[in-house]
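Dear colleague,

Please find below the structure that I am handing over to you, together with its sequence. I would be grateful if you would look through it before reading the notes.

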Amino acid sequence: MQYQDILNTIQLELISKKHTGKVATYIPELAKIDPKKLGIHLYCINSGHYYFGDSNERFSIQSISKVFALTLAMSLYSDELFKRVDVEPSGDPFNSLIQLEYENGIPRNPFINAGALVISDMLISKLANPKKQFLEFIHKLTGEQSIGINPAVFNSEKAYSHRNAALLNLMKSFGNIKNDIQTVLDFYIYQCAIEMSCEELAKAFMIYANGGKKLSTNDQILNPQKIKRINAIMQTCGFYDEAGEFSFRVGLPGKSGVGGGITAIHPGQYAVTVWSPILNPKGNSELGMFALERLTTLTGYSIF
Ligand code: GLN
């Protein structure tokens, strides 16, 4: 079967699929999204791109931004980065505080909130204008200069960021946050409020499927060894306390966000993004996971 036929089959299955989840409400602005939004976009390394539904509409990328932040940080730091954030799955919810207390303020991995906040802190230490340079990095990966943040989502998360502030305070008490807490929180919330479409995310994620090279220009964005490591962290930690389930059902490295997006890659083959804002109890897109499970089942290929 061709990719477009497979996507058409998945689209039909999704229309009749029952679901039990709900859109995210803990960031009030995210609760306003139409739960029926649904789109998918798949970019292949050598045979074009395929899509359906709302695949060109921008949505809040939220925690998918953690992959871009880690990539930028790994381009600026050597292995010393991993002294401040570990690479182990947490098995706990994305915003959990619990492991920090007995692990001396070193987060389990860069894709839970605690770890992403440390990465934000590290970016702030190295970049003269972190917000601008972070956006420029995304513009470079996609070739889309118009990508920016949704100010309403940014303000909404800022007003309800007590838990992320708690994570920062706890880590600061262990000496693992170097900059001002409000500055780090502000930058982290900014990166989460970026809006991109499925198409733009799939295009940006091609570097992880293509050994660190941007497909359209062949620019080496990050070296293959570092890309291999980021893919490994996506595989083991991309879905918080559901990373095992995602590996079990889908079998690709990927990353989710509470905006309902999931981006996954098949090294050497493709990058794919699916968007459906209805989240399961672990904070991952319920229909998104189903769509990607069907993709690797119908193509007959996963990384396993
Ligand atoms: N900005 C969100 C938060 O920190 C991101 C969470 C997510 O997408 N899992 O709560």
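This is a predicted model: local features need pLDDT of at least 70, side-chain atom pairs count only at pLDDT 80 or more; totals for chains, interfaces and linings use all residues.

Overall form

The protein chain contains 14 helices and seven strands. Its radius of gyration is 18 Å, close to the 19 Å that the globule rule gives for 304 residues, so the chain is as compact as a globular protein of that length. The C-alpha trace spans about 55 × 40 × 35 Å along its principal axes. Of the 304 residues, 49% count as buried. Among the contacts with a separation of 6 or more, 68% come from residues 24 or more positions apart.

The five-stranded sheet

Five strands form an open sheet in the order β2-β1-β7-β6-β5, and their pairing is antiparallel. At the edges stand β2 (49–53) and β5 (254–256), each of which pairs on one side only. On average, neighbouring strands of this sheet are turned by 5 degrees against each other, with direction ignored.

Strands β1 and β2, with helix α1

Strand β1 comprises residues 39–44 and is joined to β2 by five bridges in the antiparallel sense. Within this part of the sheet, G39 stands opposite G53 of β2. Helix α1, formed by residues 3–15, lies across both β1 and β2. The helix runs at about 20 degrees to β2.

With kind regards

Terms used: Residues are numbered from 1 along each chain as its sequence is written. Helices (H or I, at least four residues) and strands (E, at least two) are DSSP runs, numbered from the N terminus. The radius of gyration is taken over C-alpha atoms; the globule rule is 2.2 Å times the number of residues to the power 0.38. A residue is buried if 20 or more other C-beta atoms lie within 10 Å of its own, exposed if 12 or fewer, and partly exposed in between; C-beta atoms are placed from the backbone. Two residues are in contact if their C-beta atoms, placed from the backbone, lie within 7 Å. Two strands pair if DSSP finds at least two bridges between them. Axes are lines fitted to C-alpha atoms, for helices over the stretch in contact, and angles run from 0 to 180 degrees between N-to-C directions.
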